[in-house]
Amino acid sequence: MGRPRSSFSDKPLLKVSRPVSACSRCRAAKVKCDGKLPACTSCEKAGRENECSAASDQFTRGKERSYVAALESRIETLNRRLEYAKQRKASVALHDQDAAPVAASIAQAPRKDSLAVIRDAVHRKAARKRENSDVNALISDFGYLSVNATTRDFEPAVTNMTFARLVLAAATNDPLPEPSTTLLPPQKVAHELVQFYLSNIYPLYPIFSDTTLLTLVDDLYTEARRPVRSTDQWLFWMVLALGSSAQSRDMKDDYYKHGVEYVGRALAHADRALQPGYVTQIRSLALLTQYSMLDPAHFDSWHLKGFTSRAAIDLGYHQDPSPMNAVAMDNAALEARRRTFYCVFALDRAISMVHARPFSFYDDAMSVELPLVVRSPPPVFSGGAISGPFSIEASSYLFKLRELQSYWYQNLFQADPSDPLPDAILFIWQVCLEMRKWSEALPKSLPADILEMLDLELRYSYVYCIAPSPRTPNLTDYGRLLIYEHAISYIERMHDVAHAEKNAAFYTYHDALRVYFMGSQFLAVLRDIPEATLTANPMHVYPYPAPGNPPPPPLPEHGKRMDAIPEPGKRLDDHFQRSVQALQKVTATLGKYGERWEDASSLKASFETLSSEMVENMRSRIQQNEQRRQQQPQQQEQSRQPQITQHQWIPQQPQQLQYPPRPQHQQIPQQAMQNAMYHQQGAPLQQLQYSPHPQQQQIPQQAMQNAMYRQQGTPLPQRPQEVSWVDVDVAGMIRGGGQI
């Protein structure tokens, strides 16, 4: 028989610890606490050993040693029980080897001996039960185990189950193909991909130093190559994968195929690159998370950003070092530490918002100052060589925007929906004002592509924040108008970005999700917004703030120009045409992104189904309004009456003359002109009556004067100019003293 099979109790898979309670700092930060004494690992790494204290009074300072002694005594007891269980197991195994001869002798043994054998079998069965009970009690004493990711339990030399395998098993969608070669790409190709990465992605996410990457590239392509660590190999291949995949425009083009190839080369070094307990783990996971945003077919960005966030928290990067330790750390190292954390923070907030899911950690759990704004000259790239320095100024503004987004997203979408905001409208106007101030502070020296991407982020944030949420379910007419205008502006510009000749900045599959979100919000507003709101002056629906309250965000420039159109009918038709074009551009943009990501094609089909009825209704309204406008001139021509010129006289009584009024002159009521004639003839004046009725017929000035001259028998004077009844003293003229 072979040797006894080893059990879980012989070689446990993981080293485990069971802290009774987390320290006060770990409990407040909602992170795992290993319970190590006198200070836990998290407090040690954050430089706050003196602040580490138990969360309850049961194990406060001064009582830890008694608790340790109790634990040691308990461990000794468990060890004795475990040794006894092992001995009993060995004796049972030896008895099993002799079971066959004993069974054969039962038939030949006398009845008394057979009873002894049966008694021994009962004892063996009872021993097995005791053994099982001891093992179960031992396992139950461990309770729910908590594995600290910062320990070395996942060392490849300790166990075959490495942390990298756990990460890849949880975050991989479709398996990657095996690499087709083990050679480095041509140096020129590598330089071009590194250049694209450093110009478009690195300025937003400076997770490492550009000097580290440039030195690594030089070392790999020199004749006398020095040994390169696995973590550096991972960095090199992931940068090439990002630089190649970010330029892809079709899932079948060479950029995408090469990107998948480079990731496959990087995964060969995953065990060391993703090894817990080192800052290189945060960097490696962040690069893999960025790539997952470009290749959702192979990796799940939601799981990867969770692993990245927890790795940063386990190393204490979510807290600035204590003042005592910060003095020992130089400013460059402190700024690098802060940039590393905020890169993880920015990825976590962006991915969570686009998937409408909760953050990996709350803002209250972090206490890290924003990195300083570093302004550098633009990079130089010529003749296949790369030289720096590379500007990371844009990252500071991206980090600030993510902070603003995190604040209102937690309050609107992650807070208790049964607890409404005291004044939801003022809260939204305040956060919109802060984001507008952030936009106005953006320096114009940033690259044009990055400036455009940041402006698109602002419009996306406006719509996301103003749209109905669990704590702000109601939407005002001005809020609908803001969503309408900002969504159209975002859709039009994203359509141009998607159909550009080449990719710029860092646009990923998540931008396709954003386009679908903006199109859905735009469609919802079109169904709810009244036509009067679209055709009216925006000042009629503008919510004027009270003194001291934040003002609402202004409309985009195009919306202001639209309201300058004088005719409401044409203005409404123009809104209909813009809406139809915007809905069509959403479909076209998702179709273009569908060439890169298969999931975007599903988004396109879904949006077409949702918007088809709205598009048809608007097109029908546009045609009806156009036909109505074409019929209006014909109806006006048929109803128009012949007009009489000013110098043509009709031989009728003056009070019966009917002439069309002259809009450019003031008209005198008919009764006043008659009284003027009676005054010239010496007849008594009649009572002057003014009628405010709008249909009161008016008599032209020249015709009335001609009538007076004919009554007096005087020749008609020749007046070269028309008489204008402007500034005329009518009452004085009637009394005989007025002047024309």
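The model is predicted: local features need pLDDT of at least 70, side-chain atom pairs count only at pLDDT 80 or more, and totals for chains, interfaces and linings use all residues. Residues are numbered from 1 along each chain as its sequence is written, and side-chain values use heavy atoms, with hydrogens and water left out.

**Whole chain**

Start with the protein chain, which has 27 helices and 2 strands; helices (H or I, at least four residues) and strands (E, at least two) are DSSP runs numbered from the N terminus. Of its 740 residues, 45% are buried. Buried means under 20% relative accessible area, exposed over 50%, and partly exposed in between, with a 1.4 Å probe and protein chains only. Take the contacts (heavy atoms within 4.5 Å) between residues at least 6 apart in sequence: 74% of them join residues at least 24 apart.

Select residues 210–220, helix α8, whose buried residues are D210, L213, L214, L216, V217, D219 and L220. At the start of α8, the backbone nitrogen of T211 has a side-chain oxygen of S209 within 3.3 Å.

To see where they touch, show T212, L213, L216, V217 and L220 of α8 against D232, Q233, L235, F236 and V239 of α9.

**Aromatic pairs**

The structure contains 30 aromatic pairs. Rings of Phe, Tyr and Trp (its six-membered ring) pair if their centres lie within 6.5 Å; planes under 30 degrees apart count as stacked, over 60 as edge-to-face and the rest as tilted.

Select Y342 and F345, an edge-to-face pair with 5.5 Å centre to centre and 70 degrees between the planes. Both belong to helix α15 (residues 331–354), where a spacing of 3 residues separates them by about one helical turn. Y342 is buried at 0% relative accessible area, and F345 is buried at 1%.

Go next to Y409 and F413, which are stacked because their ring centres are 5.2 Å apart and their planes are at 25 degrees. They sit 4 residues apart in helix α16 (residues 393–414), about one turn of the helix. Y409 is buried at 3%, whereas F413 is partly exposed at 26%.

**Charges over rings**

From F359, turn to R349, which lies over the face of that ring at 4.0 Å from its centre. A charge sits over a ring if NZ of Lys or CZ of Arg is within 6 Å of the ring centre and within 35 degrees of the ring normal. Then show R337, whose charged end sits over the ring of Y317, 4.5 Å from the centre.

**Two alanines**

Most residues other than glycine have a negative phi. A356 has a positive phi of about 55 degrees; look for A356 in the loop between α15 and β1 (380–382). A356 is exposed, with 55% relative accessible area.

End at A505, also with a positive phi of about 55 degrees, in the loop between α19 (477–498) and α20 (509–528). A505 is buried, at 3%.

Terms used
Polar contact = N/O pair within 3.5 Å; in protein donor to acceptor, adjacent residues only side chain to side chain.
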